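Have a look at it first, then read on.

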Amino acid sequence: MYADLSRPPLRERALARALGRDGWRVEVVQRCPSTNAVVAERARQGDPPGLVVVAEHQTAGRGRLDRSWESPPRAGLTFSLLLRPGGEPAGWPWLPLHAAVGVAEALRELAEVDAVLKWPNDVLVDGRKTAGLLAEVVAPDAVVVGIGLNVTTRREELPHEGATSLALAGAALLDRDTLLRGLLRRVHAATAAADADAYRALCSTIGRQVRVSLPDGSARQGTATAVDADGRLVVDGAAYGAGDVVHVR
Ligand code: BTN
């Protein structure tokens with residue numbers, strides 16, 4: 001039995017069967033520190049692409065820029081995919097951006113929320129973050145894409161006030177099985193299409209006043225005018241490949 005009736009467990013067998021038809025091998029674990037770490041280890045052991053590990057409770061979820069991803073048990077979706085993208089690694093920085101397009105599209109279609117992106121790959125609803133992605137190159141030919149989505153998370157459970165959940169945003173769908181299936185379908189389609197203009201169309205950062213905090217500790221403020229061919233954010237003529245962006249207004 002599970003204690004919180006508003007947070008039912010994932011139906012692993014039904015999920016594995018349905019997603020298996022699309023070539024995914026889905027494994028649900030009750031608890032692990034980080035699904036990205038689990039999938040990275042499996043990648044290094046030689047697992048083929050298509051592995052998806054979903055955690056009902058992730059205890060040490062990792063975020064971009066050494067941040068963490070926190071979510072109570074079964075309040076959201078925390079999962080990682082193993083990709084072996086082929087092609088030139090120079091194109092890989094686009095992978096999480098394309099995957100974020102798939103996440104936003106799935107949320108728009110299934111949950112009927114107005115999901116948009118904040119560069120590089122935060123998924124915002126009503127200006128607040130509801131999903132985040134962390135892509136890691138874990139072997140010369142393997143990339144792990146980890147996705148965290150807040151589904152029924154209550155306000156007091158969120159890590160900061162810039163975050164939200166589908167429930168708080170009034171989403172039309174909160175069923176995690178259906179969401180996971182839709183997310184994987186859309187993420188697969190978006191990474192296969194690799195359409196930079198689809199990303200730009202959803203990226204709410206373009207045209208905004210932004211503050212970019214750079215990995216060296218410095219910060220720049222200006223107008224974000226574009227996302228260039230390498231997936232970098234262009235602010236007042238200078239292109240940034242990594243950094244934390246705040247929409248100033
Ligand atoms: C971010 O917004 O900074 C990225 C958050 C990514 C969180 C997900 S949850 C599943 C996967 N496993 C992890 O340890 N991190 C990602």
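The lining of the largest pocket splits into 13 nonpolar, 19 polar and ten charged residues; here Ala, Val, Leu, Ile, Met, Phe, Trp, Tyr, Cys and Pro count as nonpolar, Asp, Glu, Lys and Arg as charged, and the others, Gly among them, as polar. Keep in mind that this is a predicted model, where local features need pLDDT of at least 70 and side-chain atom pairs count only at pLDDT 80 or more, while totals for chains, interfaces and linings use all residues. Residues are numbered from 1 along each chain as its sequence is written, and side-chain values use heavy atoms, with hydrogens and water left out.

**Pockets**

- The largest pocket has a volume of about 790 Å³. On a 1 Å grid over the protein atoms alone, a pocket is an open set of points with protein on both sides within 12 Å along at least five of seven lines, and its lining residues have an atom within 4 Å of a point. Grid points are joined across faces, edges and corners, and a volume is the space filled by probe spheres set on the points.
- Its lining has 42 residues, and Arg67, Trp69, Asp122, Lys129 and His160 lie nearest the centre.
- Strand S8 (residues 128–139) supplies the largest share of that lining, five residues. Strands (E, at least two residues) and helices (H or I, at least four) are DSSP runs, numbered from the N terminus.
- The second largest pocket holds about 380 Å³ of space. It is lined by 22 residues, with Pro93, Pro96, Leu97, Asn121 and Gly241 nearest its centre.
- S8 also gives the most to the lining of the second largest pocket, with five residues. By class, that lining has 14 nonpolar, four polar and four charged residues.

**Cavity**

- There is one cavity of 30 Å³ or more, a cavity being a set of grid points where a 1.4 Å probe fits but cannot get out.
- The largest cavity has a volume of about 50 Å³, and among its 13 lining residues Glu56, Gln58, Ser71, Pro72 and Thr78 are closest to the centre.
- Strand S2 (51–58) and strand S5 (76–83) are the elements that give two or more residues to this lining, and S2 gives the most, with four.

**Nonpolar cores**

- The largest nonpolar core has 58 residues, of which Phe79, Val103, Leu107, Val123, Leu166 and Tyr199 touch the most other members. Such a core is a set of buried Ala, Val, Leu, Ile, Met, Phe, Trp, Tyr and Cys residues joined through side-chain atoms within 4.5 Å.
- Helix H3 (residues 94–111) gives the most to this core, with eleven residues.
- A second, separate core of ten residues includes Val39, Val53, Leu82 and Ala139.

- Thr35 lies in helix H2 (residues 35–44) and is buried at 2% relative accessible area. Buried means under 20%, exposed over 50%, and partly exposed in between (1.4 Å probe, protein chains only).
- Beyond four places in sequence, Thr35 touches residues including Val53, Gln58, Thr78 and Phe79, where contact means heavy atoms within 4.5 Å.
- Ala115 sits in the loop between H3 and strand S6 (116–118) and is buried, with a relative accessible area of 0%.

**Cysteines**

- The structure holds zero disulfides, a disulfide being a pair of cysteine sulfur atoms within 2.5 Å.
- Cys32 is buried at 8% relative accessible area, and Cys203 is buried at 5%.
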